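Student: Can we go through this one together? I'd like to talk about helix packing, aromatic rings and backbone angles.

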Amino acid sequence: MKTNYEEKMLAMIENAPKGAKLLLHSCCAPCSSACLERLFRHFNITVFYYNPNIEREEEYEKRKAEQIRFLKETGYATVLDCEHDKAAFEEIAKGYEEEPERGKRCYRCYKLRLDRTAKAAKEHGYDYFATTLTLSPYKNAEWLNELGEQAEKEYGVAYLFSDFKKKNGYRRSIELSKEYGLYRQDFCGCEFSRIATEKARKEGK
């Protein structure tokens, strides 16, 4: 029987101390939008923009700028910026270049980002850490929550379980993207997803 991560998140929110500090890893402004809308009343949130998978510098900077703009316009959270760190993604992708999208390479990428978020949460004194990645229907929420739980054990900071696509979370992110005029990309950011997206587009999929 699959774990209901939505229920686990709600239970954790109910038991969280008032004003608890949450470090929320975000892949982009559109995905963060619906997650922050749900969480900002319960936590003191900082968004952690750590996305070494993004291939091109201009794409990375464009997404980061949109993230910062959204936070300024809503006041939902502050931002903790960090290095692009492309070498870290290239290292974990070695030997997995031929893996299909949503395969082992993606699993390793999830782990890279969650571990780095947990480490930052520990270093900066956060009570919880989480990720917006569970909002996407294209991401494996089971893997993400398992990796988050592992990172919790390693770094000693509580992981906030989630499945943000529940309760129409993904649809809400599209609505908020339109409302705020957010740039929505059509691939996760890495060269492999870009190539797969371009191929599908050519084939009319």
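**Helices, rings and loops**

Tutor: Helices here are DSSP runs (H or I, at least four residues) and strands are E runs of at least two, numbered from the N terminus. Before we go on: this is a predicted model, where local features need pLDDT of at least 70 and side-chain atom pairs count only at pLDDT 80 or more, while totals for chains, interfaces and linings use all residues. Residues are numbered from 1 along each chain as its sequence is written, and side-chain values use heavy atoms, with hydrogens and water left out.

Student: At roughly what angle do the axes of H4 and H5 cross?

Tutor: Axes are lines fitted to C-alpha atoms, for helices over the stretch in contact, and angles run from 0 to 180 degrees between N-to-C directions. Those of H4 (residues 86-93) and H5 come within 9 Å, and the crossing angle is roughly 140°.

Student: Which residues of H5 make the contact with H4?

Tutor: Contact means heavy atoms within 4.5 Å. On the H4 side you find Ala88, Phe89, Glu91, Ile92 and Ala93; on the H5 side, Arg105, Arg108, Cys109 and Leu112.

Student: Why is H2 called roughly perpendicular to H7?

Tutor: H2 (residues 29-39) and H7 (residues 169-180) have axes that come within 8 Å. Their crossing angle is roughly 110°. That makes the pair roughly perpendicular.

Student: And which residues of H2 touch H7?

Tutor: H7 brings Gly169, Arg172, Ser173, Leu176 and Ser177 to the contact. From H2 come Pro30, Ser33, Ala34 and Glu37.

Student: On to the rings: how many aromatic pairs are there?

Tutor: Rings of Phe, Tyr and Trp (its six-membered ring) pair if their centres lie within 6.5 Å; planes under 30 degrees apart count as stacked, over 60 as edge-to-face and the rest as tilted. By that rule, the aromatic pairs come to twelve.

Student: Is Phe43 buried or exposed?

Tutor: The cut-offs are under 20% relative accessible area for buried, over 50% for exposed and partly exposed in between (1.4 Å probe, protein chains only). Tyr128, at 10%, is buried. Phe43 has 5% relative accessibility, so it counts as buried.

Student: Which helices does the pair of Tyr107 and Trp143 tie together?

Tutor: This pair is edge-to-face, with 5.1 Å between centres and 90° between planes. Tyr107 is partly exposed at 26%, and Trp143 is partly exposed at 24%. The two residues are 36 apart in sequence, and they lie in H5 (residues 104-123) and H6 (residues 141-155).

Student: What is phi of Lys167, about?

Tutor: Most residues other than glycine have a negative phi. Lys167, in the loop between strand E5 (158-159) and H7, is exposed at 59% relative accessibility. Its phi is positive although Lys167 is not a glycine, at about 55°.

Conventions:
Angles under 35 degrees count as roughly parallel, over 145 as roughly antiparallel, 65 to 115 as roughly perpendicular and the rest as oblique.
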